[in-house]
Amino acid sequence: MITVLLALSMLAAHLVNLGGFIHIHLPQVDDFIDNPETTSVSQGINGNTPIVLGKLEKTENAYFRLKLRFRLDNAEGFPNLFQTAVFNDGLRMEINGTTAAIVVADSSVKEGYRVIILPNAINIGQWYKLEVVALNGGYVRAFLNEQNVVDVSSTGISMAMSQILVGGGFDKTRMFRGEIDNISLKKGNLSSRVVTVIRNIPNSLHSVLSLISNVGILISILLCLFIKKINGTAGKVTNYFRSLDQIPIAVSASLIFFQILLMLVLPPYRNVAITYFFLFFIGINQYVILTPSFLKERFFYFLFIPFNGLLLLTVLGSYFIGFSIDIKLLVPVLFGVTVLGNLINFKFNREKFILIFSGLKTDFSRALIFFTLFATPLILCLISPVLFSGYSTSPYRIGPDMASYAKMAQYLLDGGTWTEANLRAGEFIGMSPGGINRYSDATMSWPLMYYFRWGLTAFQATVTTITLSKHVFETAFISMAIPYLFLCGLVLFWLKSRMGLGVAAALLGAIAFALNPNTINLWYEGFYGNVFALCFFILILFIFLQIRGMKSFKDRDMIQFILFASTVFAASLLSYGEGVFFVLPPFLVFVFIVDFLLNRSIKWAPYLAILGSACIGLLIVLPCDFIVHWAILTLKQLTQEGGNGYTQPLWALPHEILGYSSIYLEATPDVAGRLLSRSSTKLFAGLIISCIALYSLLLYFRRKGKEENALYLSSILLVALLACLVYYKSPNNNYTYMKMYVFFLPIIFITFWSSLAFAYEKHAVNLFNNMNLFFLFLALPIAINGMVYIFQYKEESTLIENYKIGLHSEIELINFNKVIMYPFSMHSNRTMYPAILPAPWIIPALWDPDHWKDKPYYKNFINYKVYLFIEKRVQSFVRSSAWESYISKSMLHNN
């Protein structure tokens, strides 16, 4: 089974990067050209005279495929590698410095042309292989060194092909200075019938992805039916490693070398590894002192030691923010505290300390095998949207929160403090939370004083520091891999230790949970506060459940439980306090009621322990001057604004919550925030699958007569009840429903996955000769849906360009005191810029002078300097065609 899982994991890790491979190797549309013209040039171009490759008179359904190799020797001016027509009437590739862009005529955009910046830098003296394919009314695709770097679909693409040049552009400043060879051009017009077929097949592959998902499920069925021999062979290999007292040194050395190689080749993976090792280092002392014995199972110290490091970083980092201490000092302080703690532990807790290190040494090789076979492919898969970008960056698609989180962390890294942030209090006198939100949107100046995700901010600032990154944008996305993996590790631990599943079944469950489209969406769309704090929330529930199951315990153990839980509560409060105050209390009340109805008696100890831990956690947080401000703002937000976010594409049914279908399959950026409709067929099929899942849960609750069922049953009932209430109140906005079921998704999934053991015994034992095959069969559809989501996100998301990230350090010498930015020309997502340019903005679409002019904050901006922000694009008849952003100055006078 290990062999099969490794193959599937590696396939999953590389599937998301196969877009370029698919476009290159599938049959092309060349064969359907009515009047094909093929041109090949054997001699090379050395930068003197461009080669003219003819023209195409008819532009309707015009098709263009150009292949060549090139080397740039001089980037002066604005060298064009090729063009199909003069100015911006055709398709061309222009280079500015190390940045290259495809410019194509597109009638669907306001400017009449579209500029597509390539993510890869073009280095002087380096050879590149380029292929560009374009179809009028269809798409533009570009492949650099066989990597898909441009894939844009638009019915407005309307390139002229009146002057096809290679090695130059429409004026002398656009002469290409370098070498070009292996030139091959194919052009012509496609038949209307072929074009109709192509346009009816969405180039974003949404329909194809749905087909892949369904076919994958069928393949998984066949795989499970014929996997017996493979499973037997894998079992022998597994038994071989289990029988070894010590893993051969050659195996361990090979795996270590493989991991080091991955870190050298893939910077995003290296940054994830650096973060893990850092948390592991600072978490050892807390693990020895505070962690309860029931969390110290063999092998799981590789999970709970760095988890303790995350707790320490979250709490201590929040203190740094609250007391306005330079956040850059957090890393050396954590190192100092850890070294001092190690010395103290070694002196006073030597036996425990040595026991931990002895266990780590003994189990390291086996843990390394597990990590390489399972965790590594999973990490590569999850961070694949940035894995092959060529530089450290973060992606964005629909959710704007990633940018605001990055802004807060970068504000602190740039030397800002909580005290300085509070100096802005006068700007917001008399404003409601809704007014603050609207004002912040209009000025893109979301204030730190109203931002209460301190634990997350401290963590992201620390990750930026320890990875030696220049800006938070370089690590914002991959930083979430650590808390996400900790959450998946808790699911694995819960399934194995609490639910009694075997290692293989529990591992399959954890992988399926990790690839659930709902949990991936939470991370990818910028709900970083939820992702970061969800592992704390789930650990609190696990501690509660563990105390419930203990018949007796020593006072010392109970004190340790409470101290550890208090730290988790404090970290949760400092990261996502809404979960502690607005989700946990009603849930525990619900558990209490269900507990009483099921058992006719109540065990008070776990409730009192959790209450006591919460109170101590609150006391830990109080010195930060955090909780009072947060509570006032949050209560006002809920009572005055309702706390709603943007609508999710569908109301998720049970099987969609579990991951057997994705509500995000058709959620493109074009329909963001809109509630989509289901067809009757999809609704009927979904209800059938959901009923099967609910039947499996029913089997579990009927046969698993444990007291802890009150918690599992309460999570399902509470989500169902809230779905009804939210739908009744706002049938067109399911945001609150989504946030609630995501909170309880780990518990619901654990319950469902455990129930499958009873479903297997009752209905599937004759079909599958091995229970693990049954679990594999049910894990594959979820994993396929998750991979489809990742592939879709990678195709539709936008990476923050390297030159934008570099702009932050380039403008450090500019004085932004008493400055407000006006976006005179901005073509990319505006929410990405506040983390780069430290000044308020005037957003024309949101800035209403008639509304703001009587407010104090409007008067504050009178006599401010106005810096015009111009994100330049290639302009017709204009020599200056850089895409980098620049700033010019003017003055806003008091009229």
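Contact here means heavy atoms within 4.5 Å. This is a predicted model, in which local features need pLDDT of at least 70 and side-chain atom pairs count only at pLDDT 80 or more, while totals for chains, interfaces and linings use all residues. Residues are numbered from 1 along each chain as its sequence is written, and side-chain values use heavy atoms, with hydrogens and water left out.

**View A. Helix α19 meets helix α28.** Helices (H or I, at least four residues) and strands (E, at least two) are DSSP runs, numbered from the N terminus. Look for Pro 517, Ile 520, Asn 521 and Tyr 524 in α19, which meet Asn 785, Gly 786, Tyr 789, Ile 790 and Tyr 793 in α28. This contact divides into 6 nonpolar, 3 polar and no charged residues (Ala, Val, Leu, Ile, Met, Phe, Trp, Tyr, Cys and Pro count as nonpolar, Asp, Glu, Lys and Arg as charged, and the others, Gly among them, as polar). The axes of α19 (residues 517-524) and α28 (residues 771-796) lie 9 Å apart at an angle of about 25°; axes are lines fitted to C-alpha atoms, for helices over the stretch in contact, and angles run from 0 to 180 degrees between N-to-C directions. The two helices, α19 and α28, are therefore roughly parallel (under 35 degrees; over 145 is roughly antiparallel, 65 to 115 roughly perpendicular and the rest oblique).

**View B. Helix α21 crosses helix α26.** Here the axes of α21 (residues 555-599) and α26 (residues 709-729) come within 9 Å and cross at roughly 120°, so α21 and α26 are oblique to each other. Among the residues making the contact are Phe 587, Phe 590 and Val 591 of α21, and Leu 711, Leu 713 and Leu 717 of α26. By class, the α21 and α26 contact has 11 nonpolar, 2 polar and 1 charged residues.

View C. Two strands pair if DSSP finds at least two bridges between them. Strand β1 (residues 37-41) is joined to β12 (residues 177-189) by 5 bridges, running antiparallel, and Thr 39 has Leu 185 as its bridge partner in β12. Strand β3 (residues 62-74) also runs antiparallel to β12, with 11 bridges; find Tyr 63 opposite Gly 188.

**View D. An open sheet of 6 strands.** Follow the antiparallel order β2-β11-β4-β5-β6-β7. At the edges, β2 (51-52) and β7 (113-117) each have a single partner strand, so one side of each is left without a neighbour in the sheet. Within this view, β5 (residues 91-96) and β6 (residues 99-105) pair over 6 bridges, with Leu 91 opposite Val 104.
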